[in-house]
Amino acid sequence: MGGDKSDVLQGTLDLMVLKTLESMGPLHGYGIARRIEQVSGNSLSLNQGTIYPALLRLLQRGWIKAEWGLSETNRRAKFYTLTKIGRKQMEQETENWERIAGTMARFLAQSN
Amino acid sequence: MDRIRTLLSRFAALFGKKKLDADLDEELRAHIDLAIHENLKRGMSPSEARTAALRDFGGVTQIMETYRLRRGVPFLQQMTRNVRFAFRQLRKSPGFTITSVLTLALGIGAVTSVFSVVNAVLLKPLAFRDSDRLVVMREAMEEPGSERSVEPDNYLHYLRLKKETGTLADAAIFMQRGMSVSTPGDHPRIVGSVVTSPNIFRVLGVQPMLGRDFVDADAAKGAPNVVLLNYEGWQAFFGGDPKVIGQALRVGGDPAIVIGVLPPGMRFPRIELAPNIAVGPPLETMMYAPLTPSEWDLTADTGNFNYAAIARLKAGVTVEQASAELETLQNAYTVSARLPIHLGIALAPLASDVTSGISGALWLMFAAVGGVLLIACVNLANLQLARAVSAERETAVRAALGASKGQLVMARLTESLMLALVGGVAGAALAFIGVQLLLVLAPSNLPRLNEIEVSLPVLLFAVTLSLAAALVFGILPALRSLDVHPQAALQANSSRTVNSREGSRTRSVLVAGQVACTVVLLIVTLLVLRSFSRMLRQDRGFDSSHVTVAQVDLFSPEFADKLPNVSAVKLAFTDRSLTALQQLPGVQSVTVTSAMPLTGETWVDELKRPDHPLPEAQRPLINLRWINQDYLAVMQIPLVAGRNLTAADRANPYVALISERTAREAFPGENPIGRKISDIVPDDVHSVTVIGVVADTRINGLKDTAAMVYIPYWAYTPWTLSFLVRSSQASDALIPEMRQALWAIDPQVAIPSLRSMDEQLSDSVSTERFQVVVLTSFGAAALLLALLGVYGVMAYSVSLRQQEFGVRIALGSGKAALMRLVLRQAAYPVILGAGAGLMLAFVLLRWVRSLLYETPVLDPLAIGGSLLLLLAAAALAAVLPARRAALTDPMRALRTE
């Protein structure tokens, strides 16, 4: 819970999870958390545990599904996969996000 | 879509919680294991690896809690916990639980039963299209100096109004009457019928289920006889035969073709012709025939007020607007046609007109039963308050552990809600029985009687009612839990300190409220009882015991009024019937009259005196009856002046007896004997001479005496006769013999009613009796509940003060003093409540006035009696706890400290 690192918005975390699953294929919770940490270059810190409520939320919406499987260490773990709806939603969310990010970037550039 | 999916998945998660928890546990453990594994690979020591993994994960417990909250429905889970807790609490005190559930079940059952009657009779719209646009149209008459009176409709006036109006979409005129109907080979039955202008179903918005509607040509002169049947009539006469169209029935002896059948649920409302003119015996309408206007209908402009009419307002037109317009039309016509009378109009919405006679009584019943439920709820509130006090520790612990105010209130309210729901379900079940009971008691002329049932709206009402009841009796105890100070409550070591003055004050106020309600209910009950007993016990002017009455309708072909000798045929039938009935065993005397006794005003006519002409509106109205010389003997009516009819009058039958009231109203200050009355015999030729005055009777209804004119049936024999037989034999034995004797003379006459006069009398007050029986049982229930309420509160208070009483006795207080102490404590709320109840009664009683018969609302006996009853009940309820207080054993009371 590093105070100097930015908190992650809920929707952002969802999108990160979806994107991770899209690029990596089926993955367990730990894998997803680690992947997000790596990609973000440790610029944002989230307790790895926060990933689970986010996963539950996505499960409830039907955007991802879960199955028990075996990890690379032969440990029984729950693996998450993107569903068809999830893929569509992710594309839409990505578009939204890019638009907002673009707007924000222009806005910030102009006020400099 | 996402929301719905989320919600479904949340609800799904309510089940199989254990497995889901195990899953989550396993998943998180896998996470930590994987992290440790990776850390180890990075070269950490096992304990370092574990610490780092847990640190990176964050608070495992918090995450699990967040996860669980998101997974299920927290509100529902909280509820489940509350329900489980409440269930355990209730199981711990079965006495309380059973008492509460039973009280609620009975209360809710009673209210729901009465509501199903109120709903069917008063609230449910009539089953016609846009029934709120239907109005009953009657004419009004005004005469300077006298009151405006409401009259039935005149056919000509109806035609003119229908043509000139701009506010009515359409209007139908009709006559409701009994008609003799038979299928071949059977004795005829008298069936409720509507003889109507052919547009009636277009006005009502009803279409036949089979066959066709009336068309205007059906009412044309010389058109073939056709009828439409109700669903019930179709079942009764044709057993529901789908090929009924085109078949014939004998109606009044003549064949009539069935052209259509109306759908089930189509019930024709009973429309009173005018406020004081009944439509005859309550017959369910089964048949409709087109009304062909007679010559008289098309010419009479001042008399012939014989019809009822239903009109449909144009969309958006109010009853007031239509009234104003029609009133103007009537006034204008009065002037332009130079009528000797002044015409007006009286419109009433159909739904309220149909129930105008009963709505007051029904609402009163509903209010009374609501009062009983309220009193029951107060009892339960008191019990719950007592329980809340003993549960204060429990509440304090919860509050100390951080339960929110909402959770505290909900925890206590859940118990009340559970009781109310169980009570409500049981009550709804009881309502099915209650409705049957009410139907048995209900007077048969109650409008829309056959629509009364426990329907879906009624059940919804029961559910709402139980929730409301739970709030009423549960909210006070629940809110009290907010006042619990955890520290004080937890430190206190006995219930004595917690039982604050405030709590006992709340309970006293509740008892006072309960007593007030009970006083009002008791006063109303006693008033209605007094009114009913006055009605039954006053002098009726006739003796109904040992009299059996047979109503006979002459509607077979040999009595058809087209026949030239029909008068002679009717007369012969009457003569032969009287002779035959006289010969039955045990018969003392036999007579005939033209109207069934105790069925309201019938054959109402104006009394015209050739020697003293009066303007039409000032002529006294009388009831005309066709009798013979034995009428006074059978009915035991004394002759006051002049002479009775004799057999010798048969030669010159144009003589009349009048009642004292007729003498007063038509011959004020004169001797009526020997005076003439004109235009009263339907032959329009003969005047009759008054030969005697007889005592007044309440023959049309027990509420009032009637102005009567009696003429021998030798002058004119009507088509409807009632034979009265005075016999030493019981009615039950006599009835089949009478039926046999009458049908032996003519098997084609109808006998719609054959019963003892006592039964007829008892039926004539069935509405009042219904009201009395129902109100008395509610009053008794209220009194019992109030008694229990006072007892409960006093007993509880005494049990809490045992130690105090022990100390008092130890200090030398006498038993009598202790009893006084307790009784005084009980007296406050009771006396306060009784006072409040009296004041409330003075405000509310004016709505009861119209329901009472010759009984002032401030009847001292009713008011004094109610107060006495209540005080006696309260004293009884307080004495037992007071005795227990006085018998406190000081040693034991002090030792328990």
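Nine residue pairs are in polar contact between chain B and chain A, counting pairs with both residues at pLDDT 80 or more. The model you are looking at is predicted.

**Where the chains meet**
- On the chain B side, α1 (2-12), α2 (17-41), α3 (46-57) and α4 (60-71) each supply at least two of the residues that touch chain A.
- The largest share of that side, twelve residues, comes from α2(B).
- In total, 27 residues of chain B are in contact with 29 residues of chain A.

**Buried area and charges**
- Together the two chains bury about 2,500 Å² between them, with 54% of it on carbon and sulfur atoms.
- Within chain B, the residues that lose the most area to chain A are B:Glu27, B:Leu34 and B:Arg70, which together make up 25% of what that side buries.
- Six salt bridges are counted between chain B and chain A.
- A:Arg75 and B:Glu26 form a salt bridge, and their closest N and O atoms are 3.3 Å apart.

**A look at helix α28 of chain B**
- A kink of about 25° lies at B:Val879, shortly before the proline B:Pro881.
- Buried residues of α28(B) include that proline, B:Pro881, along with B:Ile863, B:Leu870 and several alanines, among them B:Ala873, B:Ala874, B:Ala877 and B:Ala878.

Terms used. Residues numbered from 1 in each chain as written. Chains lettered and ligands numbered in written order. Predicted model: local features only at pLDDT ≥ 70, side-chain atom pairs only at ≥ 80, totals over all residues. Heavy atoms only, no water. Bend = angle between axes of the 7 residues up to and from the residue. Helix = DSSP H or I, 4+ residues; strand = E, 2+ residues; numbered from the N terminus. Buried < 20%, exposed > 50% of the residue type's maximum accessible area, 1.4 Å probe, protein only. Contact = heavy atoms within 4.5 Å. Buried area = accessible area lost by both parts, 1.4 Å probe. Salt bridge = Lys/Arg side-chain N within 4 Å of Asp/Glu carboxyl O. Polar contact = N/O pair within 3.5 Å; in protein donor to acceptor, adjacent residues only side chain to side chain.
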